[in-house]
Amino acid sequence: FMKDGIIIVNKPAGKTSHQIVSQVRKTLNIKKVGHCGTLDPMAEGVLVVLVGRGTKLSDLLLCQDKQYIAEMTFGIQTDTLDTTGAVLRTANVNLTPALIEGALSKFRGSIEQIPPMYSAIKIHGQKLYQLARKGREVERPARQITIRELELLEPAPTGDLRLRIRCSKGTYVRTLCHDIGQALGCGAVM
(Lines give C-alpha, C1' and ligand atoms only; values in the text may rest on other atoms or scores of the structure.)
Protein backbone atom coordinates (compact mmCIF):
# COMPACT_ATOMS: atom_id res chain seq x y z
CA PHE A 1 0.00 0.00 0.00
CA MET A 2 1.05 3.53 -0.72
CA LYS A 3 1.84 5.43 2.50
CA ASP A 4 3.19 8.69 1.00
CA GLY A 5 2.12 10.53 -2.14
CA ILE A 6 -0.80 11.64 -4.25
CA ILE A 7 -3.88 9.61 -5.13
CA ILE A 8 -6.28 10.72 -7.84
CA VAL A 9 -9.81 9.63 -6.91
CA ASN A 10 -12.86 9.71 -9.17
CA LYS A 11 -15.41 11.22 -6.75
CA PRO A 12 -18.96 10.12 -7.51
CA ALA A 13 -21.96 12.39 -7.04
CA GLY A 14 -23.49 11.94 -3.60
CA LYS A 15 -20.19 11.47 -1.74
CA THR A 16 -18.49 14.29 0.09
CA SER A 17 -14.79 15.05 -0.13
CA HIS A 18 -14.62 14.26 3.60
CA GLN A 19 -16.15 10.80 3.01
CA ILE A 20 -13.56 10.08 0.31
CA VAL A 21 -10.70 11.12 2.63
CA SER A 22 -12.13 8.92 5.42
CA GLN A 23 -12.38 5.98 3.03
CA VAL A 24 -8.75 6.40 1.91
CA ARG A 25 -7.62 6.78 5.55
CA LYS A 26 -9.41 3.55 6.51
CA THR A 27 -8.33 1.59 3.42
CA LEU A 28 -4.65 2.52 3.80
CA ASN A 29 -4.76 2.49 7.61
CA ILE A 30 -2.99 5.84 7.78
CA LYS A 31 -3.94 8.96 9.73
CA LYS A 32 -2.28 11.68 7.66
CA VAL A 33 -4.65 12.09 4.69
CA GLY A 34 -6.03 15.29 3.14
CA HIS A 35 -7.38 16.63 -0.13
CA CYS A 36 -6.74 19.56 -2.45
CA GLY A 37 -10.07 21.35 -2.60
CA THR A 38 -13.59 20.44 -1.61
CA LEU A 39 -16.04 19.35 -4.28
CA ASP A 40 -19.76 19.84 -3.68
CA PRO A 41 -21.53 16.62 -2.68
CA MET A 42 -23.57 16.67 -5.92
CA ALA A 43 -20.42 17.14 -8.05
CA GLU A 44 -18.56 14.29 -9.64
CA GLY A 45 -14.99 14.44 -10.83
CA VAL A 46 -11.36 14.25 -9.84
CA LEU A 47 -10.42 14.72 -6.20
CA VAL A 48 -6.71 14.95 -5.43
CA VAL A 49 -6.02 13.10 -2.17
CA LEU A 50 -2.69 13.52 -0.36
CA VAL A 51 -1.28 10.75 1.82
CA GLY A 52 1.46 10.81 4.47
CA ARG A 53 4.37 13.03 3.49
CA GLY A 54 2.45 13.85 0.30
CA THR A 55 0.33 16.23 2.40
CA LYS A 56 3.30 18.61 2.32
CA LEU A 57 2.44 19.26 -1.35
CA SER A 58 -0.94 20.73 -0.37
CA ASP A 59 0.01 24.41 -0.71
CA LEU A 60 1.68 23.82 -4.08
CA LEU A 61 -1.29 21.93 -5.51
CA LEU A 62 -4.02 24.15 -4.02
CA CYS A 63 -2.73 27.22 -5.84
CA GLN A 64 -3.11 25.58 -9.27
CA ASP A 65 -6.02 26.40 -11.59
CA LYS A 66 -9.08 24.14 -11.61
CA GLN A 67 -11.36 23.22 -14.50
CA TYR A 68 -15.05 22.38 -14.28
CA ILE A 69 -17.94 21.53 -16.56
CA ALA A 70 -21.15 22.81 -15.00
CA GLU A 71 -24.79 22.82 -15.99
CA MET A 72 -26.96 25.84 -15.24
CA THR A 73 -30.72 26.05 -15.06
CA PHE A 74 -32.13 29.54 -15.59
CA GLY A 75 -35.24 30.95 -13.97
CA ILE A 76 -34.79 29.52 -10.50
CA GLN A 77 -33.02 30.60 -7.31
CA THR A 78 -32.40 28.38 -4.28
CA ASP A 79 -30.85 28.85 -0.86
CA THR A 80 -27.91 26.57 -1.76
CA LEU A 81 -27.41 28.06 -5.27
CA ASP A 82 -27.85 24.57 -6.75
CA THR A 83 -30.75 22.25 -7.51
CA THR A 84 -30.58 20.57 -4.09
CA GLY A 85 -31.75 23.66 -2.20
CA ALA A 86 -35.12 25.09 -1.25
CA VAL A 87 -36.58 27.19 -4.06
CA LEU A 88 -36.66 30.87 -3.12
CA ARG A 89 -38.09 32.26 -6.37
CA THR A 90 -38.74 31.42 -9.99
CA ALA A 91 -38.85 33.65 -13.05
CA ASN A 92 -39.77 33.50 -16.70
CA VAL A 93 -36.80 33.06 -18.99
CA ASN A 94 -36.45 34.75 -22.34
CA LEU A 95 -32.76 34.66 -23.25
CA THR A 96 -30.87 34.77 -26.52
CA PRO A 97 -27.36 33.48 -27.16
CA ALA A 98 -26.20 37.10 -27.49
CA LEU A 99 -27.62 38.03 -24.06
CA ILE A 100 -26.00 34.98 -22.47
CA GLU A 101 -22.62 35.66 -24.08
CA GLY A 102 -22.83 39.32 -23.00
CA ALA A 103 -23.39 38.22 -19.40
CA LEU A 104 -20.57 35.66 -19.52
CA SER A 105 -18.11 38.30 -20.75
CA LYS A 106 -18.62 40.23 -17.48
CA PHE A 107 -17.33 37.26 -15.48
CA ARG A 108 -14.07 36.60 -17.35
CA GLY A 109 -10.84 37.80 -15.78
CA SER A 110 -10.29 38.99 -12.23
CA ILE A 111 -13.58 39.40 -10.35
CA GLU A 112 -14.85 39.54 -6.79
CA GLN A 113 -17.06 36.73 -5.55
CA ILE A 114 -18.95 36.35 -2.28
CA PRO A 115 -18.74 32.74 -1.05
CA PRO A 116 -22.09 30.98 -0.57
CA MET A 117 -23.55 30.37 2.87
CA TYR A 118 -23.51 26.65 2.12
CA SER A 119 -19.71 26.32 2.15
CA ALA A 120 -17.04 24.99 4.49
CA ILE A 121 -15.52 28.43 5.10
CA LYS A 122 -15.23 29.20 8.79
CA ILE A 123 -16.36 32.48 10.30
CA HIS A 124 -15.75 32.90 14.04
CA GLY A 125 -14.86 29.19 14.25
CA GLN A 126 -18.07 27.90 12.66
CA LYS A 127 -18.48 26.54 9.17
CA LEU A 128 -20.88 28.60 7.10
CA TYR A 129 -23.00 25.60 6.12
CA GLN A 130 -23.59 24.87 9.83
CA LEU A 131 -24.91 28.41 10.31
CA ALA A 132 -27.01 28.17 7.13
CA ARG A 133 -28.62 24.94 8.34
CA LYS A 134 -29.69 26.82 11.48
CA GLY A 135 -31.30 29.48 9.29
CA ARG A 136 -28.61 32.07 10.01
CA GLU A 137 -26.96 34.17 7.36
CA VAL A 138 -23.80 36.15 8.06
CA GLU A 139 -21.95 38.72 6.04
CA ARG A 140 -19.16 37.19 4.00
CA PRO A 141 -16.33 39.27 2.60
CA ALA A 142 -15.88 39.16 -1.17
CA ARG A 143 -12.84 37.29 -2.45
CA GLN A 144 -10.72 38.06 -5.47
CA ILE A 145 -10.81 35.16 -7.95
CA THR A 146 -9.84 34.76 -11.58
CA ILE A 147 -11.96 33.17 -14.28
CA ARG A 148 -9.38 32.38 -16.94
CA GLU A 149 -11.83 30.72 -19.34
CA LEU A 150 -15.61 30.71 -19.38
CA GLU A 151 -16.86 28.88 -22.44
CA LEU A 152 -20.42 28.17 -23.48
CA LEU A 153 -20.71 24.54 -24.55
CA GLU A 154 -23.53 22.89 -26.45
CA PRO A 155 -26.67 22.53 -24.33
CA ALA A 156 -26.95 19.61 -21.93
CA PRO A 157 -29.40 16.80 -22.80
CA THR A 158 -31.82 18.41 -20.31
CA GLY A 159 -31.76 21.65 -22.32
CA ASP A 160 -29.83 23.44 -19.59
CA LEU A 161 -26.79 25.55 -20.34
CA ARG A 162 -23.38 23.88 -20.07
CA LEU A 163 -20.23 25.83 -19.24
CA ARG A 164 -16.55 24.98 -19.14
CA ILE A 165 -14.80 27.02 -16.47
CA ARG A 166 -11.06 27.28 -15.84
CA CYS A 167 -10.51 29.27 -12.69
CA SER A 168 -8.28 30.08 -9.76
CA LYS A 169 -8.51 28.43 -6.36
CA GLY A 170 -11.31 29.63 -4.16
CA THR A 171 -13.84 29.89 -6.99
CA TYR A 172 -17.35 28.70 -6.20
CA VAL A 173 -18.99 27.47 -9.41
CA ARG A 174 -22.42 27.53 -7.71
CA THR A 175 -21.93 31.20 -6.95
CA LEU A 176 -20.71 31.89 -10.49
CA CYS A 177 -23.89 30.30 -11.91
CA HIS A 178 -26.02 32.30 -9.47
CA ASP A 179 -24.24 35.55 -10.32
CA ILE A 180 -24.63 34.97 -14.08
CA GLY A 181 -28.37 34.38 -13.50
CA GLN A 182 -28.56 37.62 -11.50
CA ALA A 183 -26.80 39.52 -14.30
CA LEU A 184 -29.41 38.19 -16.74
CA GLY A 185 -32.25 39.15 -14.41
CA CYS A 186 -33.82 35.69 -14.21
CA GLY A 187 -31.72 33.82 -11.66
CA ALA A 188 -29.92 30.53 -12.16
CA VAL A 189 -28.75 27.47 -10.24
CA MET A 190 -25.98 24.98 -10.85
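**A walk through pocket, cores and loops**

The second largest pocket of this structure has a volume of about 430 Å³, where a pocket is found on a 1 Å grid over the protein atoms alone, as an open set of points where a 1.4 Å probe fits, with protein on both sides within 12 Å along at least five of seven lines. Grid points are joined across faces, edges and corners, and the volume is the space filled by probe spheres set on the points. The model is predicted, and for that reason local features need pLDDT of at least 70 and side-chain atom pairs count only at pLDDT 80 or more, while totals for chains, interfaces and linings use all residues. Residues are numbered from 1 along each chain as its sequence is written, and side-chain values use heavy atoms, with hydrogens and water left out.

Two or more lining residues come from each of β5 (76-78), β6 (87-90), β7 (109-113) and α5, and α5 gives the most, with three residues. These elements are DSSP runs numbered from the N terminus, a helix being H or I over at least four residues and a strand being E over at least two. By class the lining has eight nonpolar, six polar and seven charged residues, where Ala, Val, Leu, Ile, Met, Phe, Trp, Tyr, Cys and Pro count as nonpolar, Asp, Glu, Lys and Arg as charged, and the others, Gly among them, as polar.

L81 lies in the loop between β5 and β6 and has a positive phi of about 70° although it is not a glycine. Most residues other than glycine have a negative phi. L81 is buried because its relative accessible area is 12%, buried meaning under 20%, exposed over 50% and partly exposed in between, with a 1.4 Å probe and protein chains only. N29, in the loop between α1 (17-28) and β2 (33-35), also has a positive phi, near 50°, but N29 is exposed, with a relative accessible area of 67%.

We turn next to the interior. In soluble globular proteins, nonpolar side chains tend to be buried together. A nonpolar core here is a set of buried Ala, Val, Leu, Ile, Met, Phe, Trp, Tyr and Cys residues joined through side-chain atoms within 4.5 Å. The largest such core has 23 residues, of which M72, F74, I147, L150, L163, I165 and I180 touch the most other members. At least two of its residues are supplied by each of β4 (66-74), α3 (97-105), β10 (143-153), β11 (161-167) and α5 (173-184), and the largest share, five residues, comes from α5. A second, separate core of 11 residues includes V9, V24, L39 and L47.

Leaving aside neighbours within four places in sequence, I147 is in contact (heavy atoms within 4.5 Å) with residues including F107, I111, I165, C167 and L176. C167 is buried because its relative accessibility is 0%.

The structure holds zero disulfides, a disulfide being a pair of cysteine sulfur atoms within 2.5 Å. For C36, the nearest cysteine sulfur, that of C63, is 9.7 Å away, and for C167 the nearest, that of C177, is 11 Å away.

Technical notes
1 Å grid on protein atoms, 1.4 Å probe; cavity = no way out; pocket = protein on both sides within 12 Å on 5 of 7 lines; lining within 4 Å.
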